[in-house]
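User: Please take a close look at one part of this model, the packing of its helices. Which helices pack together, and how do they meet?

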Amino acid sequence: MTSVAAPVGAEHAIERLTVRVFRIPTASHESDGTLEWDSTTLVYVEIFAGGTTGVGFTYADGATARLIDETLRPAIAGKDALQTGRLWLDMSAAVRNLGRSGVASMAISAVDVALWDLKGKVHNLPVCLLLGAARDRVDLYGSGGFTSYSIGELSEQLAGWVRDGMRYVKMKIGREPASDPQRVAAAREAIGHDAQLFVDANGAYAQKQALSLAESFAEQNVTWYEEPVYHRDLAGLRDVRERAPACMEISAGEYGYVLDDFYRMLAERAVDVLQADATRCGGFSGLLAVDGLCQTANMRLSTHCAPHLHLHAAIACKQLRHAEYFFDHARIERMLFDGANGPVDGALVPDVTRPGIGLELKALDAQRFEI
């Protein structure tokens, strides 16, 4: 009897993709140097193939869900879910005429993460091992300290993270520049002298203003100055990096969507540490490409926001320094996902007994936030 081989990938052909949107109110009104908000939107994807379900998400506008449903779903339907590289290219091709950056890139990010989660489950492996772990834990920096907080609220949040074992904490600045030195001094007093203090202006300052304030922040031993000027002003970032106190690293990159965005920052020598966000830069596939780019420049990498989503890919990044434990996203992920465990001694550690990315939506808890 002659047997007929099944088509390549038929066993794991993508049968269905669903996308949902959740809007979660913030714990209180929040702001940074250039934006105010009172809710966070999470776009959640599930992909079904061969009896296995992969999950992924991004923090993006609800319009992202429509793009996933109408443009990305047809681009990957029926294809082998395990060929993550090919599917990433197919999705990138599908958005060519829409523009690869912004919403399109965030849509690809959510689907790519879901594909990696599915692939890990098919192989019964955590994604960190599937990608090739470079470490067994990811150091965190506590991130919040919003400009909408009183000095008391700011001090308590940052000091709380230090008490919990974090060695780095970050606060927002830039809303009222004249008040920033006082707020930074209060933060330093609250956390003591051992923890490192980071500040994030979200591009609120003009170039000379950023340099002037850098001198003041250095008095409080601020070691990380994020987006002191507009993130696309690479010449301005480079100037601040070259002229800021030696103790202070300049960082940016959270608004990188395509690899060229990161290449330009490195080529312009605009930062000391590059940031990247897997919910924006093309998922795990995109983040690992940025990590490879960092290797060519001997540049350290820090992941931006979405701490539990980033965990497995961050474990595999060879240039990783640390990950951002952003207050809003950490809160949401622990509210909505089983497996989003809290930090241990200032780090996240993956549960390698759970295949995929180790997260499962708490359907009943999430339902009240669905829009």
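**Helix pairs**

H2 and H3 are roughly antiparallel to each other, because of the angle at which they pack. Angles over 145 degrees count as roughly antiparallel, under 35 as roughly parallel, 65 to 115 as roughly perpendicular and the rest as oblique. The model is predicted: local features need pLDDT of at least 70, side-chain atom pairs count only at pLDDT 80 or more, and totals for chains, interfaces and linings use all residues. Residues are numbered from 1 along each chain as its sequence is written, and side-chain values use heavy atoms, with hydrogens and water left out.

Start with the numbers for this pair. Helix H2 covers residues 84-94 and helix H3 covers residues 103-122. (Helices are DSSP runs of H or I, at least four residues, numbered from the N terminus.) H2 and H3 pack at about 165°, and their axes lie 11 Å apart. (Axes are lines fitted to C-alpha atoms over the stretch in contact; angles run from 0 to 180 degrees between N-to-C directions.) The crossing of H2 past H3 is right-handed, that is, the near helix is turned clockwise from the far one by less than a right angle.

Now the residues. H2 brings Thr84, Leu87, Trp88, Met91 and Ser92 to the contact. From H3 they meet Ile108, Val111, Asp112, Leu115, Trp116 and Lys119. (Contact means heavy atoms within 4.5 Å.) By class, this contact of H2 with H3 has 7 nonpolar, 2 polar and 2 charged residues. (Asp, Glu, Lys and Arg are charged; Ala, Val, Leu, Ile, Met, Phe, Trp, Tyr, Cys and Pro are nonpolar; the others, Gly among them, are polar.)

Next come H6 and H7. Helix H6 spans residues 180-191, and helix H7 spans residues 207-218. They pack at an angle of about 25°, with 10 Å between their axes. H6 and H7 are therefore roughly parallel to each other. Their crossing is right-handed. Asp180, Pro181 and Val184 of H6 meet Leu213, Ser216 and Phe217 of H7. This contact of H6 with H7 holds 4 nonpolar residues, 1 polar and 1 charged.

Then look at H10 and H11. Residues 283-297 form helix H10, and residues 307-316 form helix H11. Their packing angle is about 35°, and their axes are 10 Å apart. H10 passes H11 in a right-handed crossing. H10 supplies Phe284, Leu287, Leu288 and Asp291 to the contact. H11 supplies Leu309, His310, Ala313 and Ala316. The contact of H10 with H11 divides into 6 nonpolar, 1 polar and 1 charged residues.

Conventions
Helices (H or I, at least four residues) and strands (E, at least two) are DSSP runs, numbered from the N terminus.
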